[in-house]
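Please keep the sequence and the structure in view while reading.

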Amino acid sequence: MDTEDDRTQIDPRANPWAMLAALPLFSGLPKSVVDEAVTGLEWLSLPGGRTLFEAGSPADAVYFVVSGCLGVYGPGGELIGRIAAGETVGEMGLIVSRARTASVRSLRDSELAMLSAATFERVLLGHPEAILRLARLSVNRLVDREREHTHEIVPRTIALVPLDPGIELASLASQFVRAVGRLGRVEVVGRQRAGSHSPRWFHERESQNDFVVYPADAGDTPWTRLCLRQADVALLAARGTDGDAGWMRPLWQDGGLRRAELLLLHETGIASGAAARWQASLPGIRHHHVRGAADFERVVRLLTGRAVGLVLSGSGARGFAHLGVVRALREHGVPIDLVGGTSMGGILAAGVAKDWDDAELVERFRRCFVDTNPLSDFTLPLVSLVSGRKVGMLLRRELGDIDIEDLPLPFFCVSSNLTTGRIAVHQRGPLWRWLRASVAIPGVLPPVFQGGEVFVDGGAMNNLPVDVMRASGRGAVIGVDCGMDRAFTTDVESTETPSVWKLFGGRSKRRRPNILQILWRAGMVNSATATSERRSQSDLLITPALESLDLLDWKGFRRAIDIGYRDACERLANGALTQLRKVYAPDPLS
C-alpha cells in the first residue's frame, strides 16, 4: 500500500512547466521562454542499463533527467560521470554542432524529457542569458567530472544479492544497514514494498535518504534485475567455503553489472583459498572478508570512500617504530581499513593485515628480528652477502602459507622489478614470497625470480608507496616514513679500505660504515626524491624522529617502538585526529 508521501508525488508530465522552471537552465528565465520549451517537450522512459546515445552519434537533442540517473562513459567504457535528476545532458553537442564525445547510459530506470535540436535552437540559442547559463553548467560539469574521475564515485543505492538461497539475507541486511546508518539516513526497499512503482517513486526514496538498500533474491529474478538496475553498486554475498558464482557469472561476464563487489562470509576463520576460488569464478572482482559487525563497518567505509589506509615505509630496524604508530592509532580509535608498505614496512603491514593485536605484533617481530639475526646466513657473495634462506624461513614461520587475498584486511606490498624497470604491486599470491621480494635489498639478499622476471627491494624505487594506496580511491591515507632521516654518518676521512690489520687489530674508535649498511642505504637512496613527493600525498604524515637508531640496530627494537608511539600521539593530539574523524566518522547531521 502506498503511503501518504507516495500519493502526494508530483507527476512532471502533469505539470511540465513547473518541472522545467525548477531546472537550473530555466530558473529565472522569462515565462515566455519556458512556455515555448514546454510545447516542444517529448517524454521517454529508459530502463536501467539502456543506452541513450553513443559517442560519435549526431547531436540531435538535449535531455532533462526527470527521475533516475544517467552515467557518462569514456572511450574505454569506464564510468566518468553521472547525470542526476534535475540535470541536463547533450546540450554541448548542439551548441558547438559536433558529434557526441561520450556515451550515456541509464544507471537505473529513468524518466527523461527531450527537446529536439530544432526546438532547442529556436527557444534557447537566441536568448543571451540562457547561453550564459549553458556555459556555466557545462564548465561545472567538466569540473565535477574531473573530480569524479580522480575519486571513485560514492554509491548511494546498494543492492545486497545473496549468491546462495541458504544465506540469511535478513540478518545480513540488518547488520549492513546498521553500519551504513552511522554515515547518514538509510532506507531499505524490499520487493513487497516496491511493488510496481514507477521510476519516480524510486527517485523519491533516493532523494529523501543518504542511502537506499535493496535486498535482492538469491537468483536471476525480475526483482533481482530491478535491484541491479537501481543500484550504484551490487554487493554479492557468498559463503567463503564456496566458489561457484552460478547464475551470477553470465551477468558478470556480459557486463550486466556496472559495479559489483564480493562479500565473503565466514562463520569462524577465513577459509584458505576463498578469495582465489571466487576470483576465478568472477575475474577481477573486489572482495571483502566478513566475519562480524566490525567487518561490515569496514566494508561500508571502503564503499563510501571513508576508509583509512595506512602505508609503512622501508627502513630496516628503524621500521619497528611502525609498531608504536599502529598502537597509537588504535588507542585513539582510528580504524585501519587497508594497509600496505615497502620492505620492512611491508612485513610489519602484513602483521596488521592479519589482525594481530599490539601484543602479538611485538612478540612475533621481537622473535624474528631481535632474538635472532635474520641476516646471519652469509654465503659466497656471488649474488648477495647472505643466502636469504633464513629470512624466507622466518617469514613462512610467522605469517604462514597464506595468500595475500586471504588476509582479513586489504593489503599490498611493493617490490622493484629489475626486468621491466618498474614498481611491482603485489595484491595476490603467496604472502611470504612477495614479502621476501619486497625486502630483497640488492647485494644483501638475493633477488626473487618469478615468471622470468627479477624482483628486489621495493625501497629501491618506491620507499613510501602512498601513491599506490591513493590510487585505490578508498579514503584518507596515513603515511609513516621511518627511512628519510640520515641513515648513518662517519668520522673517517678516507678514499680506500685500510689494511686488515688496521681494521681488526687497531684500537681506533672511529665510525666506519660496514658493507651491510652501505648496501642497504644505497638500495634506498635513489627513491629519496620520489619519497618527498609521495609524502605530500598523505592526508596525515608521521615521521618518527629516529636519527639515533641505525638501520641495522635490531637491539633498538623497544626504543624504536616507543619513539613511534610518542611521535604518533603528538601528531594526533595536534589536530590530526579531528581531521581524520571527519573522514571515517562524520556527523550524519552535518
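**Cysteines, cores and surface**

In this predicted model, C569 counts as buried, because its relative accessibility of 17% falls under the 20% limit.

Cysteines
- C227 is buried as well, because its relative accessible area is 1%, and under 20% is what the term requires.
- A disulfide is a covalent bond between the sulfur atoms of two cysteines.
- The structure holds zero disulfides.

Nonpolar cores
- The largest nonpolar core has 73 residues, and within this core the residues with the most contacts are L310, F365, F411, L431, L435 and I478.
- Helix α23, which spans residues 557–584, supplies the largest share of this core, namely 11 residues.
- Apart from this core lies another one, made up of 32 residues, with Y214, C227, A274 and I285 among them.
- When residues up to four places away in sequence are not counted, F411 touches V339, G346, A349, A350, A353, I404, H426, Q427, L431 and L435.

Surface patch
- M92, I95 and V96 make a nonpolar surface patch of about 230 Å².
- Of these residues, I95 has its place in helix α4, which covers residues 91–96.
- I95 is described as partly exposed because its relative accessible area is 35%, a value that lies between the limits of 20% for buried and 50% for exposed.

Technical notes: Residues numbered from 1 in each chain as written. Predicted model: local features only at pLDDT ≥ 70, side-chain atom pairs only at ≥ 80, totals over all residues. Heavy atoms only, no water. Patch = residues over 30% accessible without salt bridge, like charges linked within 9 Å, V, L, I, M, F, W, Y side chains within 5 Å. Areas by Shrake-Rupley, 256 points an atom, 1.4 Å probe, with all protein chains shown as cover. Salt bridge = Lys/Arg side-chain N within 4 Å of Asp/Glu carboxyl O. Helix = DSSP H or I, 4+ residues; strand = E, 2+ residues; numbered from the N terminus. Buried < 20%, exposed > 50% of the residue type's maximum accessible area, 1.4 Å probe, protein only. Core = buried A, V, L, I, M, F, W, Y, C linked by side-chain atoms within 4.5 Å. Contact = heavy atoms within 4.5 Å. Disulfide = S-S within 2.5 Å.
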